[in-house]
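Hello,

The structure we talked about is pasted below.

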Amino acid sequence: MKISWLDIRGLGEAKAAILQEALHYRVEGVVADDTADLADLPPTITKILFPQGKDLPDDFGDATVVVVDPARHGVTPAELALKHTGVEFGRFVEIIDASTLEDACESARTERWSLLLFRDPTKIPLEIVIAAAARSTGSLVTVAKDVEEAEIIFGVLELGSDGVMMAPKTVGDAAKLKASAQSDIPDLDLVELEVVETAHIGMGERACVDTCTYFREDEGILVGSHSKGMILCVSETHPLPYMPTRPFRVNAGAIHSYTLSKDERTSYLSELKAGSKVMAVDIKGQTRMVTVGRVKIESRPLISIDAVAPNGRQVNLILQDDWHVRVLGPGGVVLNSTELKAGDKVLGYLPSEDRHVGYPIDEFCLEK
């Protein structure tokens, strides 16, 4: 889990409401420049004192973390730690050139907390600091101007900054910051489905989902005609006759089909476009979000695959009727869709909720 720090310095009348929101969504830390603003916060939240541009107070009050600027305050975190037990100290570094970038790398290697402010929009300096901190036990917290930048910071070099500090502009920003920090996607419990029947059903439109990511050989996306049953369609990472592999692509199925996106929300294949997010899943049920770069919808012959789950639930998938379109079976076996027959086993997923505009909802819904 990534760390989210909410910067309440300079907030006006909305401060009380924003703090309540931060507590409700369990933001990890609140940053203030006055110990009075930290006094009434519950012990479950990290209380960060950051008197940027001000002198350090004689008493740190209830602060659990104090961030100092050695150039401004004339003292280092290590020196303060010798005098104040029970308080953690961090270093603030503003990165504007090669010299301050080296300061940030040194802080990342040695300090318990490093609070970093990058003045230039490029994320290359942050990549350098993250690499420098690879063996460090401290935490990097990077200042973000908004939630969109926070999401980028959390993903830099795939590792991302350990945390983000952001000053909210309005009520609602604390919830969005916390959501952007929740980068972990829960794994799924895949099941073995038994193929019951296949049928050639004529022409229709199918979608190839081209992503901005290379899939692994045991990975694809879940696709199904019904929201309560999907089959794992493998990417084109495996060699094919007559054409090169395209490991960024999943020949996913007919355009009406569902696939999973963020928060287990479903999307129709026909709705996906450049910039959309879809959930990549491997044969162990491990998941990650990948970005769609393009969707190719073309008219092709289609094949319908009916399968049944151990609990009796019926699952259907309609694919392009061609030998090179494949699904995954137990153990990562690659199965050509046109060669599937009754009794074959494929991997699938059985969502428990019905769907309304893609969102899980507990209501009666009959899909045929």
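**A serine, then the salt bridges**

Ser180 is buried, with a relative accessible area of 8% (buried means under 20% relative accessible area, exposed over 50%, partly exposed in between, using a 1.4 Å probe and protein chains only). This is a predicted model, in which local features need pLDDT of at least 70 and side-chain atom pairs count only at pLDDT 80 or more, while totals for chains, interfaces and linings use all residues. Residues are numbered from 1 along each chain as its sequence is written, and side-chain values use heavy atoms, with hydrogens and water left out.

Ser180 sits in helix 7 (residues 173-181); helices (H or I, at least four residues) and strands (E, at least two) are DSSP runs, numbered from the N terminus. Its side chain comes to 2.7 Å from the backbone oxygen of Leu177. Leaving aside residues up to four places away in sequence, Ser180 touches Val147, Ala150, Glu151 and Phe154, where contact means heavy atoms within 4.5 Å.

Now the charged pairs. Side chains of opposite charge can pair when their charged atoms come close. A salt bridge here is a side-chain nitrogen of Lys or Arg within 4 Å of a carboxyl oxygen of Asp or Glu. The count by this rule is 22 salt bridges.

One of them joins the side chains of Glu149 and Lys123, at 3.1 Å from N to O. This pair links distant parts of the chain, 26 residues apart: Glu149 belongs to helix 6 (residues 147-155), and Lys123 to the loop between strand 6 (113-118) and helix 5 (124-132). Glu149 counts as buried, at 14% relative accessibility.

Another salt bridge is formed by Glu298 and Arg206, with their closest N and O atoms 2.8 Å apart. Here too the pair links distant parts of the chain: Glu298 is in strand 16 (residues 287-308) and Arg206 in strand 9 (residues 191-211), 92 residues apart. Glu298 is partly exposed at 24% relative accessibility, whereas Arg206 is buried at 4%.

Which residue forms a salt bridge with Glu298 at 3.9 Å between the closest N and O atoms? That residue is Lys296, which is partly exposed, with a relative accessible area of 29%.

Regards

Note on methods
A polar contact is a pair of N or O atoms within 3.5 Å; within protein, one must be able to donate a hydrogen and the other to accept it, and residues adjacent in sequence count only if both atoms are side-chain atoms.
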